[in-house]
Amino acid sequence: MSAAAVTIAALGKTYPNGTRALDAVSLTLAPGEIVAVVGGSGCGKSTLLRVLAGLDRASDGRVSVGGTPVEGPHPAVGIVFQEPRLLPWLNVADNVGFGLVTLPPAERRARVAETLSRVGLVGYGRRWPRELSGGQAQRVAIARALVTRPSVLLLDEPFSALDAFTRADLQDHLLDLWAESRPTLLLVTHDIEEALVLADRVVVLKPRPGRIAALHDVAVPRPRDRVSPEFEVEKRALLATLGRSLARTPGEEAFPAAAI
Amino acid sequence: MTTLDHPDETGLAGAASRDAGARGLPGWLSGVGVGLVLPVALAAGWELAVASGLAGGRLMPPPSRIFATLVDLSGSGELARHITATVWRVLVGFAIGVVAGTAAGALAGYSAIVRRLVDPTLQGLRAIPSIAWVPLFILWLGIFEESKIALIAVGVFFPVYLGVMAAIASVDRKIVEVGRVFRLSGPALVRRILLPAILPSYVVALRSGLGLGWMFVVAAEFMGASEGLGYLLVDGQQLGKPDQIVAAILVFAVLGKLTDALLAAATAPFLRWQDTVETAR
């Protein structure tokens, strides 16, 4: 087996205001693996992703991608934020091609067109971001992250702002995209079902300070049916894990029931 | 004379319909014609009142006399000379004010240290009515063009400085982060993220700067000029020629509106992505 795609070793993060966001988090992701990170608000999910993306610095421990320590944004790491964060002054094609300026124009156009067709937005290249629906805008954001062919794709609650139908649609779509080039995916979510639909492994974080409470392997084979009995069994098992890991912190914010 | 009437109509009409569209007025109000009803009615009423002897028209001449004055002035080539002098002053002062305001605003917006160092002083200077500088500028730069252009440049500087600084300081951190994810260098970040992001506010700042430039050129020409539209105003007052004053005021209105419309039109292609332009499609 090849080397780990992502290695997180004893990662800790303390913000300047003294908040300990992460403490002694260790995790290894194999190439092509899909890992979901779940946990309530304030448990350091997003911080973990930002450190991996090179947008925030680790206070202690270390993080490496493909064997190289992360010291800033890494060319092999793509990220999709909770909001699409498209640049409103660029049309869809230029937004997707934003990270490709070093390529010759013809090649860039070809790559952008190919990626737009992969996310199901053929013919949308000349549209402005303001003309897109929320789901379409997030597809463009995914295309922008995928067009550079990253080996690791980080997703920070990418579908949380979308309605339930669009969300399920984009989850399936993300799996299709993953199946084509098999990047390593690390997905932060507060949605248990989303984690179970997508991930090979679910990491449960607990807050104050953010640390790993449990690891849960998802045994259901893909494609996963959200209403099948096995899926239901898996969901109960994960909820039980969550319950156990959170049981010893009375008085703290429980795992948000609304997200389940 | 048609050369005068014509830019008047196109300039006002184009701007009027655009303004109305931007504010979302109902269709029947957005037409050019409705905006002209009031001024035309007032002008016609005054013309009739003077013609019928109801009013004297000595201090406020009727439109026909103002029009005749305009024809006279333009026929002798005098109007063109005054317009050239004034427009030249506004353009040079505007250019200097824009360059200085943009540079200072960009530095203060980009660097918190520069902002804390420079902004309080500039805000203090901004509180001084710009006309108060006139005696000093005359002492420093003389009575001729330099002091006039300096005054206009000062007037243009502040709105541009404020607009650029506020716009840069308020660019969305999330958008800037996108640039960081794609590992843009400092200059590339400025060129590909910051500049396009502030462009809409920058255009607004330029337009208010230009408006102030037109305001200050009058003050500048009051302080002793031998040509320019401001000189026509002073001359009209001293020689008791209200028709010349009103004629110069009308030319100011046309030129101000025209240059603003030109600036707006020149920048519009860069702002097509904005939501507001959708109404213009």
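**A walk through chain A**

Glu83(A) has a relative accessibility of 25%, so Glu83(A) counts as partly exposed. Buried means under 20% relative accessible area, exposed means over 50%, and partly exposed is in between (1.4 Å probe, protein chains only). This is a predicted model, in which local features need pLDDT of at least 70, side-chain atom pairs count only at pLDDT 80 or more, and totals for chains, interfaces and linings use all residues. Residues are numbered from 1 along each chain as its sequence is written, chains are lettered from A and ligands numbered from 1 in the order in which they are written, and side-chain values use heavy atoms, without hydrogens and water.

Stay with Glu83(A). Its salt-bridge partner is Arg85(A), and the closest N and O atoms are 2.7 Å apart. A salt bridge puts a side-chain nitrogen of Lys or Arg within 4 Å of a carboxyl oxygen of Asp or Glu. Arg85(A) has 10% relative accessibility, so Arg85(A) counts as buried. The pair belongs to a network of salt bridges. Arg50(A) and Asp56(A) are linked in this network too, and so are Arg173(B), Lys174(B) and Glu177(B) from chain B. Over all chains, a search of the whole structure finds 18 salt bridges.

Now take in chain A as a whole. Its secondary structure comes to 7 helices and 10 strands. Helices (H or I, at least four residues) and strands (E, at least two) are DSSP runs, numbered from the N terminus. Chain A has 260 residues, and 55% of them are buried. Take the contacts (heavy atoms within 4.5 Å) between residues at least 6 apart in the sequence of chain A. Of these, 69% join residues at least 24 apart. Chain A exposes about 11,100 Å² (Shrake-Rupley method, 1.4 Å probe). Carbon and sulfur atoms supply 54% of that area.

Next, find helix H5 of chain A. It runs over residues 164–181, which makes 18 residues. From first C-alpha to last it reaches 27 Å, close to the expected 26 Å. The expected span is 1.5 Å times one less than the number of residues. Just after H5(A), Arg182(A) takes a positive phi of about 50°.

Which residues of H5(A) are buried? They are Leu170(A), Gln171(A), His173(A), Leu174(A), Leu175(A), Leu177(A) and Trp178(A). An α-helix has 3.6 residues a turn, so residues three or four places apart point the same way. The buried residues of H5(A) pack against helices H3 (105–118), H4 (134–146) and H6 (192–198) of chain A. They also pack against strands S3 (34–38), S7 (152–156) and S8 (184–188) of chain A.

Zoom in on Gln171(A), which has its place in helix H5 of chain A. Its relative accessibility is 3%, so Gln171(A) counts as buried. What does Gln171(A) touch, leaving aside its neighbours within four places in sequence? Its contacts are Phe159(A), Glu194(A), Val197(A), Leu198(A) and Arg226(A).

In one, the side chains of Arg139(A) and Asp169(A) meet, at 2.9 Å from N to O. Arg139(A) lies in helix H4 and Asp169(A) in helix H5 of chain A, so the pair ties together parts 30 residues apart in sequence. Arg139(A) is buried, at 14% relative accessible area, while Asp169(A) is partly exposed at 39%.

In the other, Lys235(A) pairs with Glu193(A), with the closest N and O atoms 3.5 Å apart. Lys235(A) lies in helix H7 (residues 229–247) and Glu193(A) in helix H6 of chain A, so the pair ties together parts 42 residues apart in sequence. Lys235(A) is buried at 15%. Glu193(A) is partly exposed at 26%.
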